[in-house]
Amino acid sequence: MDRKREALLVWCFFALLVFGVVTVTGTLTSGFHLVDDWEFAQYTDQMTLGHMSLWDCLKEAVGSDLTLRFRPLYYINRVLTAYVFGINLTAMSVLKAAEIVAASVALYYCARQMKCNMLHAALFSLTVMVGYQSAVWWKLGPQESYDIMMFAVGFFFLLKWLSTDKKGYAFASFGALFLMSVYKEPFILLLPFVSLYVLYAQTGAGKTTIAGLWDAARKRLPYLLAIGILFTVEMILIVFVIGTNNYSYVGLDESVTLDQYVQVWSNAAHGNLKWYVRFGILMGLIFLTYWEQTKKLLWEILLTAAIIVPQCITYSKTALEERYILPWALGFAFFFVIVGCNFRPLSGKRRIAYMLCLLLMLAAHGRVTIREARYFAHRGESVRTMMENTLALVAGTDKKVLSCFLPNLEGNRTMYYWFRLHGYDEVFYWSEEEQKIDRSFGPRENERAEFADIDVVVMYNQDDRHWCYEPSLDLSDFTEQKCGTITMYVRNR
């Protein structure tokens, strides 16, 4: 197949796959979800009702985040998206799906550059992108979709540069990897892998000597220096300027016992990582039947570890789940798809068994993707139904709404900004711990209310994954209206 036909086929395949999933399951039009999305409503509120300029909104968002984290491009992107689309989350979801298509295609072409055939390249891309981590296909908060796209683009240009020596590819690669590194911190940890891969590609997969490594580094020194400086500067900024206290999931902690670490990772191995673990063990055993040849894969094992180990250390206290599986899945796919499918000794029945493992793992992850997408869409529809029904009851009146989404503060923030943008500003918030009702947000945040003044109460029910308790409120004088995973209680007046 010629390149143009292959490109058309690949783009069509991934576009149909991604847009097919988000359209058929309903995530594309599912709206707000009481997490992350509230920021779009906040920025829209600031730039419309608050009359804040785009520049001031950008400065406030990025400046505030830099006191906590190092992801400046993420907030620039979010504010600009809100500036263009407002709270049109369907348009943003289309943009997110397009991002996933681009990431999948770029990963495919990375595999093609690493001598994979079309089938194996598609398997590589799908192994990385399909599974519990497919939440990044439809969730508008996670940064991983953009970052995996920029990594794939940067790595593709790196591979092109290594094969052609055209300097333009080196500049394009570094530019993409720089954008990746200022979007979310764990992806900075991919930069050492990039440097190692340059040495690997330059020296070959055979025996490597100190002299050979030095010669390889000398030939690619400007690029390696640029990547090394970028990594060093960003890590210094995070550790010594911004600080690591706000990264609750990062690294080792003396207050966490060994048993707790073991339990967390055991849960992950039986949860979001279960198919990787189960099929990874089977494929690993097949590799071990070629022990003498497998011992020669030290470079490939080192490259795999350069991706996987830093991610495991980063998320050591919480383990890997949902979107955090990216970029860890890159390491898994690199070894078991790129290396495994090109492993020459693998043949006969063992090769059939190996490929069957990859396909069955992909099928299991595909089922997970559809299931998670349907739940996400159902949850979004529940939130939208609740907010629209509540607004219909209170719009143009002085009736009061009580939001009971704590400890999910983001849920309460969504209620605050969404109703303000729809011309209603009488939402109060229930604190179960303090047993009080107040405004919590905005210029009237200290204003209190009595429960007798509340006309509508909204809360999670047990169908929602965020549900954790029933508020201790007397709802005997209210009529219950269930909206999927959310329940409304309307006072009988």
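User: In this predicted model, which residue stands opposite Leu-402 in E2?

Analyst: Leu-402 faces Phe-428 of E2. The general idea is that in a regular strand the side chains alternate between the two faces of the sheet. Here, E1 and E2, the latter covering residues 427-431, are paired in the parallel sense through 3 bridges.

User: How many bridges join E1 to E4?

Analyst: Strand E1, residues 400-403, and strand E4, residues 454-460, run parallel and are joined by 4 bridges. One of the paired positions is Ser-403, whose bridge partner in E4 is Val-458.

User: Turning to pockets, how much space lies in the largest pocket, and which residues are the closest to its centre?

Analyst: The largest pocket holds about 1,400 Å³ of space. Its lining comprises 49 residues, and those closest to the centre are Val-35, Asp-36, Arg-323, Tyr-324 and Glu-410.

User: Which helices each supply at least two residues of the lining, and which gives the most?

Analyst: Helices H2 (38-48), H3 (54-66), H4 (72-85), H12 (258-269), H17 (348-394) and H18 each supply at least two lining residues. H17 gives the most, with 5 residues.

User: How is the lining of the largest pocket divided by class?

Analyst: The lining has 22 nonpolar, 10 polar and 17 charged residues.

Technical notes. Residues numbered from 1 in each chain as written. Predicted model: local features only at pLDDT ≥ 70, side-chain atom pairs only at ≥ 80, totals over all residues. Heavy atoms only, no water. Pairing = 2+ DSSP bridges. 1 Å grid on protein atoms, 1.4 Å probe; cavity = no way out; pocket = protein on both sides within 12 Å on 5 of 7 lines; lining within 4 Å. Points joined across faces, edges and corners; volume = space filled by probe spheres on them. Nonpolar A, V, L, I, M, F, W, Y, C, P; charged D, E, K, R; others polar.
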